[in-house]
Structures are given as structure tokens and as C-alpha cells.
Amino acid sequence: MGNGTATADLDAELEKYRVELTGYCYRMLGSSFEAEDAVQDTLVRAWRSHDRFEGRSSLRSWLYRIATNVCLDMLSAGNKRARPMDLTESTPLARAALAPRPDNTWLEPMPDGRVLPAVEDPAEAAVAKESVRLAFMAALQQLPAKQRAVLILREVLAWKASEVAELLGTTVASVNSALQRARATLAEREDTGARAEVSDPLDEEQQKLLERYVKAFEGYDMTALTALLHEDAVMTMPPFDLWLTGSADITGFMTTLGAACAGSRLLPVRANGLPGFAQYKPDPEKGGFTPWAVQVLEISDGRILGFHCFLDTQRWFPLFGLPLHLEGEADQGEQGG
């Protein structure tokens, strides 16, 4: 690779795969930041050993092989990322306490644009979105690492069993049996989040629901909000392990421990193939609004089923390309209460 052009060409060639590889590593690792590190590591390794890549397989499958090895190494520490409801029982509001757990406990949110490559085929786009939903991601995290790789490559990326066997250096029979075991584990998991609908683009009913949600949340109107929530809706707030079930406990929390969120502003985001919002709450010190959470919503049958608030704003807001301060409106004075 003596000359600069060859280097630039290779950089550009590798860069084309960044989004799909990030999607793959994210499904494997359950962490946005670890996924981006893994892809960076993959591309650096590919770049360094490109002169040894003899083109016996496609560049794409070679990159997936490197990425798989990087992820399996990272997973050998045995850390399984989870949602609050994977770790503890739901807490009644009366006993609600905010106990944080370390960052590496949690399944992390991810902007769609970083993990879902643009594809022409609507069916393929739907599968890709389905496969980064929070509920599906949490289920993947329950699988042993090799089964996880097999399931993602076969079911999400539609690789042939023979291609996966070659990538993992194993037999077609063992790929098929890993896939069966992985499917069986996923089938055993009953999960409210699994009912969440993914549609692209959002249909009119979902769009209207989100508009009503923004109005109810920004107005902090608990009656309106209750009408939009399923009776068994779930609210989570990582890094806290507390999670709440049912509209009464959710709205009760919002008016007690969460009362400082009144008067918030919401900006739309797309995360994990689901609709979401960046929530900014009023900033008493500086005026305007300060980041509070990235909210990811699960919708089913015209109501909200899951309301997931990721609170580590210093990490999430830059990842989503969101500002760390919003100016207040000029008419702030008229908005009292």
C-alpha cells in the first residue's frame, strides 16, 4: 500500500460497511459505545492486514469475521446487558427508590441512523428495525455469545448456514443446532415489549398518538397521559434499577419523585427502530432547558406500552447529535405554571 491513493481507496471501501457493522456489533454487545469501539477495532485490524486478505471471500464477509472475533473477545468477560425488568421485580410506587447500577449493567439505546443502513426493500428494512427493538435486544443478551452471533447472522442478516459455518470455523450441523437452541430460548421469553409495533414510516394513527403524547407530556396533563398508556404499561429509567408497571404508578411517579419534569420540552428522535424523544426540563439556574432523558416509546394497538427513559444525558445527547442546552422561548413570561 505504498501510495496515498490506495490507502484512501481502502479507507473509503471499508467506511461503506461502518453502519451495518455497527448494527451487528450493537446487537452482539447491547452497548452503543462498545459497538462503535468494536467497529473501529475491526476496521483498524482490516486495514492493517488487508495485504493478507486474498479475496477468497468477499470483503464484507471478511469484515464480519473480524467483527465477530472482536465481539466474542469483548463478551468473554461474560457481561450481559439488561433492562431493569430483566433484573428485578417491578416496584410499587409506595416503595419506589432510585438506586443506580453501574453503566455496564444496562442495555443502551442507539440512534437508528448509526445502525440501520438505508435499504430499498421495505421487508428488509422492517426486519432490521425489528432486530434492534429494546425487547429483542434484551432477549439476544440472554443467549450465549456464539448462539447470539448465529441467530443474528442467520435470522437478521439472512446469511446461509454454510456462510455462517465458514465465518465461525465450524460445521453447518453445529450452526443449525445453535440456531435451534437460540430460537427456543427466545420463544420462552414472554415479554410485553415484544408486542411493540415497528412501522416505517409511522402510520397516521401512531403519528397522532405521538402528537397527543407530546401535548400531554409537555402540558404535564396526567389525565391525558393515562388515556394514552396501556394498563400494563412499563416505565424504566436506567441507570436506576427501579421500574414501574401500570398507568397509575407511572403517572403517580411523575407527579411525585418526577415532579421536576413538569414544563419539559420534547424533541423527536428515532432510537432502536422505535419512536422517541429527547426530553429537556426547565433549567432554573441558566434559564431555558437542560437535557434530562432520551425517551424511547413502545407502541401497541394505538397506546403506549413501554416508556423507557435513558438518563445519562452526557452520553446519550451527543450520541444522538442533540444540543446540551435549549434556549427558552421569548414568551416564557406568559407560560407561568
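This report covers backbone geometry, charge pairs and selected contacts in the structure above.

The model is predicted.

## Backbone geometry

Most residues other than glycine have a negative phi, and most peptide bonds are trans.

A cis peptide bond sits between P238 and P239. Its omega is about 15 degrees. P239 belongs to the loop that runs between β1 (229-236) and β2 (243-245).

A158 is not a glycine, yet its phi is positive, near 60 degrees. The residue is found in the loop between α9 (145-156) and α10 (161-168). Is A158 buried or exposed? Its relative accessible area is 61%. The cut-off for exposed is over 50%, so A158 is exposed.

D301 also carries a positive phi without being a glycine, here about 50 degrees. Its loop connects β5 (289-300) and β6 (303-310). D301 counts as exposed because its relative accessibility is 61%.

E197 counts as partly exposed, at 30% relative accessibility.

## Salt bridges

Side chains of opposite charge can pair when their charged atoms come close. The count of salt bridges in this model is 17. Three of them are tabulated here.

| Salt bridge | N to O distance |
|---|---|
| E108 and R81 | 3.3 Å |
| E108 and R315 | 3.1 Å |
| R183 and E155 | 2.5 Å |

Take E108 with R81, whose side chains meet in a salt bridge. The pair links distant parts of the chain, 27 residues apart. E108 is in the loop between α5 and α6 (112-115). R81 is in the loop between α4 (59-75) and α5. How accessible are these two residues? E108 has a relative accessible area of 2%, and R81 has 4%. The cut-off for buried is under 20%. E108 is therefore buried, and R81 is therefore buried.

E108 also meets R315 in a salt bridge. Here the linked parts are 207 residues apart, with R315 in helix α15 (residues 313-319). R315 counts as partly exposed, at 22% relative accessibility.

The side chains of R183 and E155 form another salt bridge. R183 lies in helix α11 and E155 in helix α9, so the pair ties together parts that are 28 residues apart in sequence. R183 is partly exposed, with a relative accessible area of 41%. E155 is partly exposed as well, at 38%.

L87 lies in helix α5 (residues 84-87). At 37% relative accessibility, L87 is partly exposed. Which residues does L87 touch, leaving out those up to four places away in sequence? The answer is A82, R101, T105 and W106. L87 and E108 are 21 residues apart in sequence. Their C-alpha to C-alpha separation is 15 Å.

F310 is in strand β6. It is buried, with a relative accessibility of 5%. Leaving out residues up to four places away in sequence, F310 touches L107, P109, L134, P238, W292, A293, V294, V296 and W316. One of these, P238, is a partner in the cis peptide bond described above. F310 and P100 are 210 residues apart in sequence. In space they are 12 Å apart, C-alpha to C-alpha.

Technical notes:
Residues numbered from 1 in each chain as written. Predicted model: local features only at pLDDT ≥ 70, side-chain atom pairs only at ≥ 80, totals over all residues. Heavy atoms only, no water. Helix = DSSP H or I, 4+ residues; strand = E, 2+ residues; numbered from the N terminus. Buried < 20%, exposed > 50% of the residue type's maximum accessible area, 1.4 Å probe, protein only. Contact = heavy atoms within 4.5 Å. Salt bridge = Lys/Arg side-chain N within 4 Å of Asp/Glu carboxyl O.
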